[in-house]
Amino acid sequence: MERQHTVINTVLQVTREASQSCARSPHDYVAAISAYGKGRQWQRALSLFGELSQTKVEANVIIYNAVISACGKGKQWQQALSHLSEICEAKLEPTVVSYNAGISACQTCKQWQQALSLLSEMFEAKLEPSVVSYNAGISACQWRWALFLVSEMRQSKLRPDSATALGSARARRASSGSRRWRC
């Protein structure tokens, strides 16, 4: 954990130095915003994202995904969903990764209704939820909805993984009345 913290701080320092000495590419923004997200520095990620309007770099879906993820890791689910909405306003197409970042933000902040709403939006947008989509939804939801999502996942022919098994086990334990598990 300490090594990871050191690596993140090094990346952030290099990013700060680079910002003062040269122009950035979209890839640079993604790397820096992602590093801020991993460091739980969502405010800095948003500040850097805000700088885009003052550059020749146009925000793309990958940059938005990094911002959504950074907000989620900072437990700012409303900011994350706001940026997910901005993708369409910017005339870009959200991807499965965009929705996964939004669902994960909702899961982190125990906003299970919003997580279910995003899963529904994915279907409306003709995007197939991935194992990551379902697992974030399963982790976010009350046990009844979690079991429903496990069933939906199996019907969609996706292969459950260890996160699915853990979420399913928690939901089954809660449904048996052994304890009241809620988000």
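**Entry 1: a loop lysine**

I started with K157, which sits in the loop between α9 (143-155) and α10 (162-175). Helices here are DSSP runs of H or I with at least four residues, strands are E runs of at least two, and both are numbered from the N terminus. Before going on, I noted that this is a predicted model, where local features need pLDDT of at least 70 and side-chain atom pairs count only at pLDDT 80 or more, while totals for chains, interfaces and linings use all residues. I also noted that residues are numbered from 1 along each chain as its sequence is written, and that side-chain values use heavy atoms, with hydrogens and water left out.

Back to K157: I found its phi near 70°, a positive value in a residue other than glycine. Most residues other than glycine have a negative phi, so I marked this one. Is K157 buried or exposed? K157 is exposed, with a relative accessible area of 72%. For these words, buried means under 20% relative accessible area, exposed over 50%, and partly exposed in between (1.4 Å probe, protein chains only).

**Entry 2: the whole chain**

Next I stepped back to the overall fold. How many helices and strands does the protein chain have? I noted 10 helices and zero strands. Along the sequence the pattern reads α-α-α-α-α-α-α-α-α-α. The protein chain has 183 residues, and 40% of them count as buried.

**Entry 3: a positive patch**

Which residues gather in a patch of positive charge on the surface? I listed K38, R40, K73, K75 and K110. Patch members have over 30% relative accessible area and no salt bridge; like charges are joined within 9 Å, and nonpolar side chains (Val, Leu, Ile, Met, Phe, Trp, Tyr) within 5 Å. A salt bridge here would be a side-chain nitrogen of Lys or Arg within 4 Å of a carboxyl oxygen of Asp or Glu. Lys and Arg count as positive and Asp and Glu as negative, with His and the chain ends not counted.

I then looked up some members of the patch one by one. K38 belongs to helix α2 (residues 26-38), and at 49% relative accessibility K38 is partly exposed. From K38 I also checked S69: the two are 31 residues apart in sequence, and their C-alpha atoms are 9.0 Å apart in space. K73 lies in helix α4 (residues 61-73) and is partly exposed, with a relative accessible area of 34%.

K110 is in the loop between α6 (96-108) and α7 (112-124). K110 has a positive phi of about 60° although it is not a glycine. With a relative accessible area of 55%, K110 is exposed.

**Entry 4: aromatic pairs**

I counted two aromatic pairs in the structure. Rings of Phe, Tyr and Trp (its six-membered ring) pair if their centres lie within 6.5 Å; planes under 30 degrees apart count as stacked, over 60 as edge-to-face, and the rest as tilted.

F49 and Y64 make an edge-to-face pair, 5.1 Å centre to centre with 65° between the planes. This pair links distant parts of the chain, with F49 in helix α3 (residues 42-51) and Y64 in helix α4, 15 residues apart.

Why are W145 and F148 separated by about one helical turn? They are three residues apart in helix α9, hence that spacing. W145 is partly exposed, at 37% relative accessible area, and F148 is partly exposed at 40%.

**Entry 5: two further spots**

P129 is in the loop between α7 and α8 (131-140) and is buried, with a relative accessible area of 4%. P129 and V97 are 32 residues apart in sequence and 9.4 Å apart in space, C-alpha to C-alpha.

E51 is in helix α3 and is partly exposed, at a relative accessible area of 31%. Between E51 and Y29 I noted 22 residues in sequence and 9.7 Å in space, C-alpha to C-alpha.

Methods. Areas by Shrake-Rupley, 256 points an atom, 1.4 Å probe, with all protein chains shown as cover. Charge placed at Lys NZ, Arg CZ, Asp CG, Glu CD.
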